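Here is a short report on a protein chain.

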Amino acid sequence: MKKDEPPFDFPDTLEGFEYAFNEKGQLRHIKTGEPFVFNYREDLHRWNQKRYEALGEIITRYVYELLESDCNLKKISIPEGYGVIVLNPNENYIEVEKQKMHKQSSSDGTDEPAGKRERRDKISKETRKRRDFYEKYRNPQKEKEMMQLFIRENGSPEEHAVYVWDHFIAQAAAENVFFVAHSYGGLAFVELMIQREADVKSKVTAVALTDSVHNVWHQEAGKTIREWMRENCCNWVSSSEPLDTSVESMLPDCPRVSAGTDRHELTSWKSFPSIFKFFAEASEAKSSSQKPALTRRSHRIKHEEL
């Protein structure tokens with residue numbers, strides 16, 4: 001703690017922070033009615049960051065409670081007690097895998113084929129690079145003070161996406177699965193497609209990306225994946241143009257349209273009306289064995305195989 005810096009002693013309730021959600025679901029100060037202010041105390045960025053994180057933890061618990069109470073979703077723990085919301089309220093749709101003791105793999109990898117070990121090391125290195133990039137992109141001034149605790153089989157966003165797919169989504173009875181992936185979540189989804197391409201294609205109806213930071217070239221996504229994304233995905237990106245205005249892209253993957261805002265953190269919220277319409281059209285097209293409306297949108301955006 002820096003000299004003259006207040007202690008990190010924050011409330012553990014929204015009311016303690018003097019914030020509440022209004023009828024529109026917007027976080028507002030109880031007394032002033034103003035939105036959340038990050039710079040609560042001038043020249044104390046570290047303290048403001050800790051305050052922001054403490055409030056974020058409270059909001060996370062609040063949202064989980066709403067998902068369980070209002071949406072009837074079921075909360076299931078994955079390894080090491082990390083919580084995840086399963087998007088199907090039917091408790092009988094899946095037998096939850098019991099935790100098992102896993103043998104520790106050889107640390108030096110002497111029994112592992114050289115090619116496989118080289119591929120694993122390359123993926124690990126790329127995962128670290130992407131995570132470091134995202135941390136800088138998301139909050140370039142954030143101080144790295146906390147030691148990262150990796151959760152078994154969920155040590156990165158990419159691993160977590162594959163784990164949730166294998167243990168929950170792939171076993172769900174749902175016939176229409178939709179993804180909304182924001183920012184780095186888009187990169188995690190592309191990695192999921194690379195590792196589970198056939199399964200994703202057979203189960204996922206449509207994917208909405210919001211200001212995704214994926215890159216099909218850097219992630220080495222194959223031609224068949226890029227073609228599927230062009231037909232079944234759309235990326236609502238930050239832009240000053242009106243909502244759904246086509247935005248040019250240099251990548252040969254999914255169409256890009258404006259989210260109706262130039263603020264990265266608001267792209268999901270602002271594009272929800274279009275996303276739900278997109279999902280409805282894709283579902284109807286699947287039921288009638290027709291191509292979804294997205295393909296008509298993609299025809300307006302020409303991609304060149306570079």
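Thr210 has Trp236 in E7 as its bridge partner. In this predicted model, local features need pLDDT of at least 70, side-chain atom pairs count only at pLDDT 80 or more, and totals for chains, interfaces and linings use all residues. Residues are numbered from 1 along each chain as its sequence is written, and side-chain values use heavy atoms, with hydrogens and water left out.

Two strands pair if DSSP finds at least two bridges between them. Strands (E, at least two residues) and helices (H or I, at least four) are DSSP runs, numbered from the N terminus.

| Strand paired with E7 | Residues | Bridges | Sense |
|---|---|---|---|
| E6 | 204–210 | four bridges | parallel |
| E8 | 256–258 | three bridges | parallel |

On the E8 side, Val237 stands opposite Ser258.

How many residues of strand E7 (residues 233–237) are buried? Five of its five are. Buried means under 20% relative accessible area, exposed over 50%, and partly exposed in between (1.4 Å probe, protein chains only). In a regular strand, side chains alternate between the two faces of the sheet. Cys233, Asn235 and Val237 sit on one side of E7, Cys234 and Trp236 on the other, and both faces are covered.

Across the protein chain, 38% of the 306 residues count as buried. The chain has eight helices and eight strands.

Tyr62 belongs to helix H1 (residues 45–69). Tyr62 is partly exposed, at 32% relative accessible area.
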